[in-house]
Amino acid sequence: MPIFEYLCADMSLCLHIIIHMLKVDIHLLKGAAISRSRVTMSLLAVLVTMTVSAGNPVVVDSATGEPLAGASVFDNRGVMLGVSSSDGKVPFVSRDAYPLTIRYMGFHESTVTNPLDSIVRMKENFYRLPEVVVNASDRQVLHMLAYVREYSTLTTYTDTVTLYRDKWVDFMIPDKKKGRFKGWRLPRILSSSSYYHFSNSAGLDSVSDRFNQHFSWTDWVGVIDRVPVPLSIQNDAFSVDTVFGKYSPTETWLRKGRDITLDVNVLADTVSRRWMPNMSTFFKNHIDFECVKIRYNFNDGIVADYLSASGLTGIAVNIESNGRGRDMFRFNRRDEPFFVSTYAEIYLADKEYISVKEAKKWENYAFEPLDFKLLPLPEGVPPLQPSTEELIARVGEINSDALRLETEPDKRLAGCDLTPLTTKQKILKRLKGLLNMRGSYYGGVYNNSGNSR
């Protein structure tokens, strides 16, 4: 082992390294006869330990061996830990976080059970949606039904709230020539189920199906349509193209025959924000985004020289953000910072072209939640993690009716009229406050009872 002999050439230096790393009492070592070989073996053990501790698994495509950047990493509790780097390395995690779950849209989910594993090979998940056919010239509105799985975490200095939510959503993408009907590119929620887990530094371990704060970024992730395709991708069925932003690559195009994957780093420069136009307010409101990445999967999506939404098969989004109180999701305390991370997968279940008349019927239709919970999941949706299944089971055991009956009502609200005020009543109430008048105004007369609002 010449390298270790070289490292041990300076015995005093080696002794200090070993003493520091192993925290051995120096006075004990002075009186001990430590041979050169024992020092070498001790140093070897230290170096091996350091190497193992610092090593991070690398996520790669099992077919090509290419590293996969942006793969999402979850611990054994279902909490998102981060994403793989540009060279495929996952964030460093402690041993007690294992087994890890690695997710990457378009690939089968992978589990890492051994902290010493250096490579995580992910197998591509091939699935196809039925081909979308336009049957008549008046059917120029694309209606898309999708299933969403969302994993979000809200963290403060002392508290952590993790959320798993699954929901059915739809999108309505009209042809640009269809007049006043605008449709919607953001997800419209048709059916939703939420499962929360609460924990804090004091050991809280609680679950619920509701929370009085809304934290999630998936509501701002929309469908793209008519996106120009680079010439290299148009002309070569097996090609890669990268578009660079001001600070880093902003678009990475990968074509494999009929399949196209588009990875977008929205934070590469300000121009890249066009991929998420509905989040422009958040970008301007002093919110520190650490990561905003989107992945789009298409099959047969190229029409002429652009990508059509008709070929979209799935979307994955990963957003990590820091903000304070009312600057992010209008939380109550302005002075307390929040860290919110969201990872979501959107699986397209069905697509069809319909007429504007049919689209307007869909727009005004009132849905029942059970209408969609009975639908089979789209192809390609992986099984849930055991930790997520456990959370769902715990929430399912909650007896909401019993809890409501056990809760003592707030007696301060007894006798109060909580009927929402009309616009006229709100204006009169404001004027009344300015004039220091007591009572509420109904039908042209003042009611001077104590039940004013």
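This is a predicted model: local features need pLDDT of at least 70, side-chain atom pairs count only at pLDDT 80 or more; totals for chains, interfaces and linings use all residues.
Visitor: How many residues has the largest nonpolar core?

Guide: A core is made of buried nonpolar residues joined through their side chains. In this model the largest one has 48 residues. M144, F289 and Y296 have the most contacts inside it. Several elements give two or more residues, including β7 (141-155), β15 (288-299) and β19 (337-354). β19 gives the most, with six.

Visitor: Which residues does M144 touch?

Guide: Leaving out residues up to four places away in sequence, its partners include V169, F171, V223, L312 and L348. Another core lies apart from the largest one. This other core has 19 residues, among them M80 and V395.

Visitor: What lines the largest pocket?

Guide: Read a pocket by its volume and its lining. The largest pocket has about 1100 Å³. Its lining counts 48 residues, with A69, Y104, T261, D263 and R295 nearest the centre. By class, 19 are nonpolar, 18 polar and eleven charged.

Visitor: Which element supplies the largest share of the second largest pocket's lining?

Guide: That is α9, with five residues. The volume of this pocket is about 340 Å³. Of its 20 lining residues, R77, T162, H197, S387 and L391 are closest to the centre. The lining divides into six nonpolar, ten polar and four charged residues.

Definitions and conventions:
Residues are numbered from 1 along each chain as its sequence is written. Side-chain values use heavy atoms; hydrogens and water are left out. A nonpolar core is a set of buried Ala, Val, Leu, Ile, Met, Phe, Trp, Tyr and Cys residues joined through side-chain atoms within 4.5 Å. Buried means under 20% relative accessible area, exposed over 50%, partly exposed in between (1.4 Å probe, protein chains only). Helices (H or I, at least four residues) and strands (E, at least two) are DSSP runs, numbered from the N terminus. Contact means heavy atoms within 4.5 Å. On a 1 Å grid over the protein atoms alone, a cavity is a set of points where a 1.4 Å probe fits but cannot get out, and a pocket is an open set with protein on both sides within 12 Å along at least five of seven lines; lining residues have an atom within 4 Å of a point. Grid points are joined across faces, edges and corners, and a volume is the space filled by probe spheres set on the points. Ala, Val, Leu, Ile, Met, Phe, Trp, Tyr, Cys and Pro count as nonpolar, Asp, Glu, Lys and Arg as charged, and the others, Gly among them, as polar.
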